[in-house]
Amino acid sequence: LIISILALATTLMFAQGKKEDKSGYIFASDATWPPLEFVENGQLTGFEVELMPLIGEKVGTQMSVKNIPWDTIFAGLANGAYDGVASGVTVTEERKASMDFSTPILTAGQVVIIRSSDSAKVKGIGDLTNKKIGVQIGTTGDFALENYPVQRKAYDDIGLAIEDLLNGNVDAAVCDSLIASDFVLANENYKNRLMVAGAPFTEEDIAIAVQKGNKTLLDLINKGLELAKADGSFDALKQKWNLL
Ligand code: ARG
């Protein structure tokens with residue numbers, strides 16, 4: 001009996017240890033982008049934070065998300081600090097040169113956020129010539145401004161650009177439509193003071209990025225997505241985060 005108890009204990013310990021080693025696939029996410037990824041009461045949460053474990057579950061493997069600042073997120077992917085990036089990433093030709101993308105999970109477009117008091121004169125990006133616009137550095141919102149005669153002010157965190165907009169330090173902020181509505185509507189403090197001016201002025205696909213050539217992981221993600229779309233769990237998650 002003692003021997004079998006010892007054997008059982010050893011087996012359990014071994015299984016436990018193995019489980020700890022095999023933490024599954026890790027995805028980086030810059031948690032400044034509600035409702036896709038953000039921190040609430042000290043906890044990382046949001047659509048993509050829940051989507052990755054769901055995808056993993058569908059293909060029988062563990063997938064989880066950790067908080068990594070946007071400005072180093074693609075460098076970390078390239079040098080293998082994690083397996084992928086699930087951070088509201090727009091599929092672009094430039095990025096495709098150095099990473100691979102899953103099938104799209106969402107679509108988005110860049111929009112202009114302004115102070116409500118400016119709503120009569122600013123109807124969209126075309127009304128902001130020579131004005132100062134806040135963006136998150138290295139995002140497609142940042143890149144989109146190159147096509148317009150505006151002054152760009154780059155921030156590490158779009159939340160800081162929004163604060164500067166409220167303080168009058170910039171005239172507008174530009175970010176993904178999905179995030180803009182959350183920032184403007186979900187926050188009691190901003191709701192009456194900020195608004196989205198006009199329709200999105202770009203069209204973008206959002207997808208999960210993996211290291212270039214990591215076909216094994218890409219196939220797993222795409223398979224998991226396909227299964228989650230087919231059984232309704234993908235749409236249920238979108239619904240939960242007001243993304244339907
Ligand atoms: N969609 C934009 C891009 O890919 C912005 C994404 C920013 N994501 C974030 N979690 N801060 O450039």
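Predicted model: local features only at pLDDT ≥ 70, side-chain atom pairs only at ≥ 80, totals over all residues.
Which helix supplies the largest share of the lining of the largest pocket? Helix 7 does, with three residues.

Residues are numbered from 1 along each chain as its sequence is written, and side-chain values use heavy atoms, with hydrogens and water left out.

**View 1. The chain and its confidence.**
The pLDDT (the predictor's confidence in each residue, from 0 to 100) averages 92 over the chain. A score of at least 70 is reached by 91% of the residues. Residues 13–21 fall below 50. Beyond near neighbours in sequence, this stretch makes zero contacts in the model. Contact here means heavy atoms within 4.5 Å.

**View 2. Two domains in one chain.**
The chain divides into domain 1 (16–107 + 206–240) and domain 2 (110–202). These bounds come from an automatic or database domain assignment. The C-alpha centres of domain 1 and domain 2 lie 26 Å apart. Where they meet, 15 residues of domain 1 are in contact with 15 residues of domain 2.

Helices (H or I, at least four residues) and strands (E, at least two) are DSSP runs, numbered from the N terminus. Two strands pair if DSSP finds at least two bridges between them. In general, the strands of a sheet pair through backbone hydrogen bonds, either parallel or antiparallel. Here, an open sheet of three strands runs in the order 2-3-4, with antiparallel pairing. Strand 2 (32–33) and strand 4 (43–45) are its edges, each pairing on one side only. Two bridges link strand 2 and strand 3. Thr-32 has Phe-38 as its bridge partner, and Trp-33 has Glu-37. Strand 3 and strand 4 pair over three bridges, again antiparallel. One of the bridge pairs is Val-39 with Leu-44 in strand 4.

Most residues other than glycine have a negative phi, and most peptide bonds are trans. What kind of peptide bond joins Pro-34 and Pro-35? The bond is cis, with omega about 5°. Pro-35 sits in the loop between strand 2 and strand 3. That hairpin joins the two strands through three residues. The next hairpin, of strand 3 and strand 4, has two residues between the strands. Asn-41 lies in this loop. Its phi is near 50°, a positive value in a residue other than glycine.

**View 5**
An open sheet of five strands has the order 5-1-6-15-7 and mixed pairing. Strand 7 pairs with strand 15 (residues 209–211) in the antiparallel sense, over three bridges. In this pair, Asp-100 stands opposite Val-210 of strand 15.

**View 3. The largest pocket.**
On a 1 Å grid over the protein atoms alone, a cavity is a set of points where a 1.4 Å probe fits but cannot get out, and a pocket is an open set with protein on both sides within 12 Å along at least five of seven lines; lining residues have an atom within 4 Å of a point. Grid points are joined across faces, edges and corners, and a volume is the space filled by probe spheres set on the points. The largest pocket holds about 210 Å³ of space. Eleven residues line it, and the closest to its centre are Pro-34, Phe-38, Asp-182, Phe-183 and Asn-187. Strand 3 (37–40) and helix 7 (177–186) each supply at least two lining residues. By class, the lining has six nonpolar, three polar and two charged residues. Ala, Val, Leu, Ile, Met, Phe, Trp, Tyr, Cys and Pro count as nonpolar, Asp, Glu, Lys and Arg as charged, and the others, Gly among them, as polar. Domain 1 and domain 2 both give residues to the lining, so the pocket lies between them.

**View 4. The cavity.**
How many cavities of 30 Å³ or more does the structure hold? One. The volume of the largest cavity is about 100 Å³. Of its 13 lining residues, the closest to the centre are Trp-33, Trp-70, Ser-87, Gly-88 and Thr-139. The lining divides into three nonpolar, seven polar and three charged residues. Domain 1 and domain 2 each contribute at least three residues to the lining of this cavity.
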